[in-house]
Amino acid sequence: MCRIILVLLLIVILIIGYVWWKPTAGGTNPEVLPVVLWHGMGDTCCAPFSLGGIMDLIVEETKGGYVRSMEIGGNILLDFQSGFFLHPNEQVEYVCKQLLQDERLAKGYNAIGFSQGGQFLRAVAQRCPTPPMRTLVTLGGQHQGVFGLPMCPTLSESTCDYISRLLNSAVYSDEVQRNLVQATYWHDPLMENHYRLGSTFLADINNELYLNEFYIENLHKLKKFVMVKFLNDTIVQPKESQWFQFYTSGQDKVIQPFKESKTYQDLRLKKMEDEGKLVFLGVEGDHLAISKAWFIKNIVPLLLEN
Ligand SMILES: *[C@@H]1O[C@H](CO)[C@@H](O)[C@H](O)[C@H]1NC(C)=O
């Protein structure tokens, strides 16, 4: 059922793609640090009404700076599907290779991740220090995962039930972890140990299972780590995950203070905080509801700092 709806969506996207497709990169001004974008779930790299439009905006506002929007898998179909079905570890590896091969990024780049693209880009920073990422901006990223059904409002009830059953029953089984991207950052606070042992992506990049010093070292190389939270988000549950916070273990109502969380310790975020590298921005509106004016005022200056 879920697949049928996705296939229909794909056909629509394919048609739109042929009519309006945009290149994955733009701008050539060598004076401005390049910008790398990573789209969210259910989106693709370059649709004009989505990231293609953001690319144009950044090129314009940075006087022709180089912008590269990641297309996972090399074509629009794979790019769309990978947001649901290609394991984040494989996606991150793919993106790391693309970044390494892009000579224009050799001296470094800034990165902007949209929704799940936010935590995926953080994984790029932690796993792939070359070329160097300078500032990471995550827009509605889920740094502590989700416990709720982000895709449900846009899917039919039966599809929603199906995904819900998968997530709730066997989310940390090998099979579901392998086949559903969202399962890899599903964070069940009622089964914290299952999460730590079973999450094949988020628990790893958050150093939940064992302390990976390489991740800490690389994350700390960032000049700034900017987390944007949508204050009226109805998709990301809990909203606080966008600011790297989560429920206190054992229940799903109360949010644990940031500084008390295990990940705050395990990624040594205090050090980044003390160095003024962590920036928390809040914006009114639902998930990814960014206005052009807000983007120009709050995000563009970050891209021009380096
Ligand atoms: C959005 O959330 C903020 C913070 O919780 C609140 O002050 C504001 O009234 C909300 N806006 C809308 C339109 O619901």
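Which residues does serine 261 touch, not counting residues up to four places away in sequence?

1. The model is predicted: local features need pLDDT of at least 70, side-chain atom pairs count only at pLDDT 80 or more, and totals for chains, interfaces and linings use all residues. Residues are numbered from 1 along each chain as its sequence is written, and side-chain values use heavy atoms, with hydrogens and water left out.

2. Serine 261 touches Gln144 and Gln256, leaving aside residues up to four places away in sequence; contact means heavy atoms within 4.5 Å. Serine 261 sits in the loop between strand S6 (224–230) and helix H11 (262–266); helices (H or I, at least four residues) and strands (E, at least two) are DSSP runs, numbered from the N terminus.

3. Serine 261 is classed as buried because its relative accessible area is 4%; buried means under 20%, exposed over 50%, and partly exposed in between (1.4 Å probe, protein chains only). The side chain of serine 261 reaches the backbone nitrogen of tyrosine 264 at 3.2 Å.

4. Around the ligand are Leu231, Asn232 and Glu284, where a residue is near if one of its heavy atoms lies within 4 Å. An oxygen atom of the ligand lies 2.4 Å from a polar side-chain atom of asparagine 232. For glutamate 284, a side-chain N or O atom is 3.3 Å from a nitrogen atom of the ligand. The protein buries 31% of the 360 Å² that the ligand exposes when taken alone, with accessible areas from the Shrake-Rupley method and a 1.4 Å probe.

5. Isoleucine 4 belongs to helix H1 (residues 2–20). Isoleucine 4 counts as exposed because its relative accessibility is 52%.

Key: A polar contact is a pair of N or O atoms within 3.5 Å; within protein, one must be able to donate a hydrogen and the other to accept it, and residues adjacent in sequence count only if both atoms are side-chain atoms.
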